[in-house]
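Got the sequence and the 3D view open? Let's walk through this one together, from the whole chain down to a few details.

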Amino acid sequence: MELLLRVFEAYPVLIFAIILASITVVPYILYEKRKSNKVQAAIDKAKRLGLWEPVTIHPKVNRDICIGSGACVSACPEGKILGLVDNKSMTVCASECVGHGACARACPVGAIELVFGTERRGVDIPQVHPNFETNVKRLYIAGELGGMGLIRNSVTQGKEAVGYIKAALKETPYRTQGVIDILIVGAGPAGLSATLMAQKEGLNYITIEREEDVGGAILSYPRSKVVMTSPADLPLYGKVMKKEISKEELISLWGDISAKTGIKISTREAMISSEPKGDYFEVKTSGRTILTRYLLLSIGRRGAPRKLDVPGEKSPKVMYRLLEPERYANMRLLVVGGGDSALESAMALASQAGTQVTLSYRGDSFSRAKAPNRARLDAMVAEGKINVLYQSNVLKFQGDKVDISRGERIIQQEFDFAFVLAGGVAPNDFLKKAGVVVETKYGTR
Ligand SMILES: Cc1cc2nc3c(=O)[nH]c(=O)nc-3n(C[C@H](O)[C@H](O)[C@H](O)COP(=O)(O)OP(=O)(O)OC[C@H]3O[C@@H](n4cnc5c(N)ncnc54)[C@H](O)[C@@H]3O)c2cc1C
């Protein structure tokens, strides 16, 4: 004690500084460490749920340059794509990035770039010329399929691509009976904007959309709000100024645009294949054959989730992707499918408080899923957290009831939400069949 007093008398300023540091700096360091641990836990969770790996464009952080300002974290309109771990930025839920790019713009030291794929998992991006034409002559690509996400970008690309096609049509006038100017495939933001442009320019066009509703990817996801960081400018309609719009508002906006402009879109019609025949394409759709001079693919990148094709499937209670398992606590949930994503989603849902989870699969074992997933599932089934119905098929959804056949028996169950995770058709297979060159990107632009 005497020694301490003597030290204090000898070095009062130093001792005061040490005391001050321990009551200010130490709590700050502990606070930062706690925050960092929370982000690390979120990353681990995202990895467990399969949300950590990016699907398409996403930020890549150069941690050697990052100064930990956190500007990227606060700038992200999606909220949880990035976080700070040990005072450096890292991706948390990269699969949910839609490519706003606000993080890269906000970074004061240029430590972030937007890239496709990762070193481990490549992402296939088609080669597209600046005028949106691919290596296949007269076959164009617009919107997210070409790699660039966001509603606003897709809208811009759709109309620009048709602008280029219109210019090319002018150079080589052609009128053969039964051959149209342009077939637009897909009526998401890119296809809608392309259709508006085709209508504005008086082109002889057909637009087909596989789904019953137009509007694109965003409609298939459990999402309440859509963010537009700058206005989308639609031909014949004008600017959509809203920065934030609910999914419902967006659906009604597309409906309003279609009604006001008189564009025609053939829904529930999917393109199956295309074959170049001299100076036109012969395109087979689910309902007919279309001969077209130009082909514009605006089919997005998210692929086509495999549908069950049963009555009631269009209900908003039936979804094709699980994004936020925590939203489904205390609910009765049905997962349909037998691959990794079905198993992982069922397990994520079963880990929420108070859920009752049924997993329906038409096969008699989960042989397609990875061994660790199968082992975890077995454990959860043994604990009574998941009820598995092997060799079962969903027959119909009606209100809050679902009918499932199992052999001769029909089981009727009540449910709050169903997730159909039965695989899908990747758009790249579709492109390769059409002869379009695709490049695999491993964390590059
Ligand atoms: C969960 C989620 C949240 C998002 N949030 C935002 C946001 O807040 N702000 C934002 O700007 N962007 C957001 N996006 C991104 C945005 O939705 C996409 O970038 C945009 O929809 C891409 O438009 P697109 O027209 O290129 O493709 P898509 O929207 O994918 O549309 C493609 C269309 O083609 C149809 N199609 C596919 N194959 C065929 C075929 N063979 N025949 C006929 N039709 C076919 C599909 O049914 C679909 O309607 C989000 C995306 C997701 C998944």
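We'll start with the overall picture, then look at some strands, a helix and the ligand.

Keep in mind that this is a predicted model. The protein chain has 10 helices and 27 strands, and its C-alpha trace spans about 105 × 60 × 40 Å along its principal axes. Of its 445 residues, 36% count as buried. Now take the contacts between residues at least 6 apart in sequence: 67% of them join residues at least 24 apart.

Next, find strand S19, residues 332-336. Four of its five residues are buried. Which strands does S19 pair with? One is strand S20 (residues 356-360), parallel to S19 and joined to it over five bridges; here Leu333 has Val357 as its bridge partner. Strand S25 (residues 417-420) also runs parallel to S19, with four bridges between them, and Val335 stands opposite Phe419 there. Follow the chain from S19 through helix H8 (residues 340-350) to S20, and you've traced a right-handed β-α-β unit.

Helix H9, residues 371-382, lets you try a quick check. Its 12 residues, at 1.5 Å a residue, should span 16 Å, and the end C-alpha atoms are 16 Å apart, so the two agree. Just after H9, Gly384 takes a positive phi of about 80°.

Finally, turn to the ligand. There are 35 residues around it, and those that come nearest are Gly143, Gly186, Gly188, Gly216 and Gly300. Elements giving two or more residues to this shell include helix H5 (151-171) and strand S8 (205-209). By class, the shell has 19 nonpolar, nine polar and seven charged residues.

How values were computed. Residues are numbered from 1 along each chain as its sequence is written. This is a predicted model: local features need pLDDT of at least 70, side-chain atom pairs count only at pLDDT 80 or more; totals for chains, interfaces and linings use all residues. The expected span of a helix is 1.5 Å times one less than its number of residues. A residue is near a molecule or strand if its C-beta atom, placed from the backbone, lies within 6 Å of it. Ala, Val, Leu, Ile, Met, Phe, Trp, Tyr, Cys and Pro count as nonpolar, Asp, Glu, Lys and Arg as charged, and the others, Gly among them, as polar. A residue is buried if 20 or more other C-beta atoms lie within 10 Å of its own, exposed if 12 or fewer, and partly exposed in between; C-beta atoms are placed from the backbone. Two residues are in contact if their C-beta atoms, placed from the backbone, lie within 7 Å. Two strands pair if DSSP finds at least two bridges between them. A crossover is right-handed if, with the strands pointing away from the viewer, the path from the first strand over the helix to the second runs clockwise.
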